[in-house]
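Hi everyone, and thanks for coming.

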Amino acid sequence: MSALIDIGALNRRLVLQAPANIDDGAGGFTRDFETVAPLWGSVTTLSARAEIAADTLGAALRLRIVIRFRGDVTTRHRLLDGAHIYSLIAVRESEGRRFLEIDAEERQD
């Protein structure tokens, strides 16, 4: 478990999104994300690495995100931070369910 978290460090406005099936109007659906809730958090970059995917050079940033505890956040969700999209890799409780510590990744192409 990490050191105590200062509530004042939650200074970034994030948007929690969950996967959803959206009706495509032709009897099917498309998979997308819909907003669950805006929330405050802290975002810290832990590492970055270069990647080649589909013959395109890009980067993957590894991040640590802390938000107030919510019991409904899973690795199926994602977080938006302005134009940044963070995929959730791991979610764990911290400080007796006061906070959630989230390992996340952002791809930059």
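Before we read the layout, one definition: a strand here is a DSSP run of E with at least two residues, and the numbering starts at the N terminus. With that in hand, read along the sequence and you get the pattern β-β-β-β-β-β. That makes six strands and zero helices. Please keep in mind that this is a predicted model.

Let's start with the overall picture. The C-alpha atoms fill a box of roughly 50 × 35 × 20 Å along the principal axes. Of the 109 residues in the protein, 36% are buried. The accessible surface comes to about 6,700 Å², and carbon and sulfur atoms account for 50% of that. As for charge, there are 14 positive and 16 negative side chains, and the centres of these two sets are 6 Å apart. If you take the contacts with a separation of 6 or more, 53% of them are between residues 24 or more positions apart.

Now, let's move to the strands towards the end of the chain. Strand 4 covers residues 78-81, and strand 5 covers residues 84-94. How many bridges join strand 4 to strand 5? There are four, and the two strands run antiparallel. Their hairpin has two residues between the strands, and there Gly82 takes a positive phi near 65°.

Please find Asp81 for me, in strand 4. The bridge partner of Asp81 in strand 5 is His84. Is Asp81 buried or exposed? Asp81 has a relative accessibility of 9%, so it counts as buried; the cut-off for buried is under 20%. So what does Asp81 touch? Leaving aside residues up to four places away in sequence, Asp81 touches Arg12, Arg13, Leu14, Val43 and Tyr86. With Tyr86 there is a polar contact between the side chains, at 3.0 Å. Arg13 is an interesting one to look at on the screen: Asp81 and Arg13 are 68 residues apart along the chain, yet their C-alpha atoms are separated by 6.8 Å.

Let's carry on to strand 6, residues 99-108. Why do we call strand 6 largely enclosed by the rest of the structure? Because eight of its ten residues are buried. Strand 6 is joined to strand 5 by seven bridges, and this pair runs antiparallel.

Which residue makes a polar contact with the side chain of Asp103? That is Arg92, whose side chain is joined to Asp103 by a contact of 3.1 Å. Arg92 is also among the residues Asp103 touches, together with Leu63, Ser87, Leu88, Ile89 and Ala90, again not counting residues up to four places away in sequence.

Last stop: the loop between strand 5 and strand 6. The hairpin has four residues between the strands. Here is some background: most residues other than glycine have a negative phi. Now look at Glu95, in that loop. Phi of Glu95 is near 50°, a positive value in a residue that is not glycine. Arg97 sits in the loop as well, and it has a positive phi of about 70° although it is not a glycine either.

Note on methods
Residues are numbered from 1 along each chain as its sequence is written. This is a predicted model: local features need pLDDT of at least 70, side-chain atom pairs count only at pLDDT 80 or more; totals for chains, interfaces and linings use all residues. Side-chain values use heavy atoms; hydrogens and water are left out. Buried means under 20% relative accessible area, exposed over 50%, partly exposed in between (1.4 Å probe, protein chains only). Contact means heavy atoms within 4.5 Å. Accessible areas come from the Shrake-Rupley method with a 1.4 Å probe; for residues, only the protein chains shown count as cover. Lys and Arg count as positive and Asp and Glu as negative; His and the chain ends are not counted. The place of a charge is taken as NZ of Lys, CZ of Arg, CG of Asp or CD of Glu. Two strands pair if DSSP finds at least two bridges between them. A polar contact is a pair of N or O atoms within 3.5 Å; within protein, one must be able to donate a hydrogen and the other to accept it, and residues adjacent in sequence count only if both atoms are side-chain atoms.
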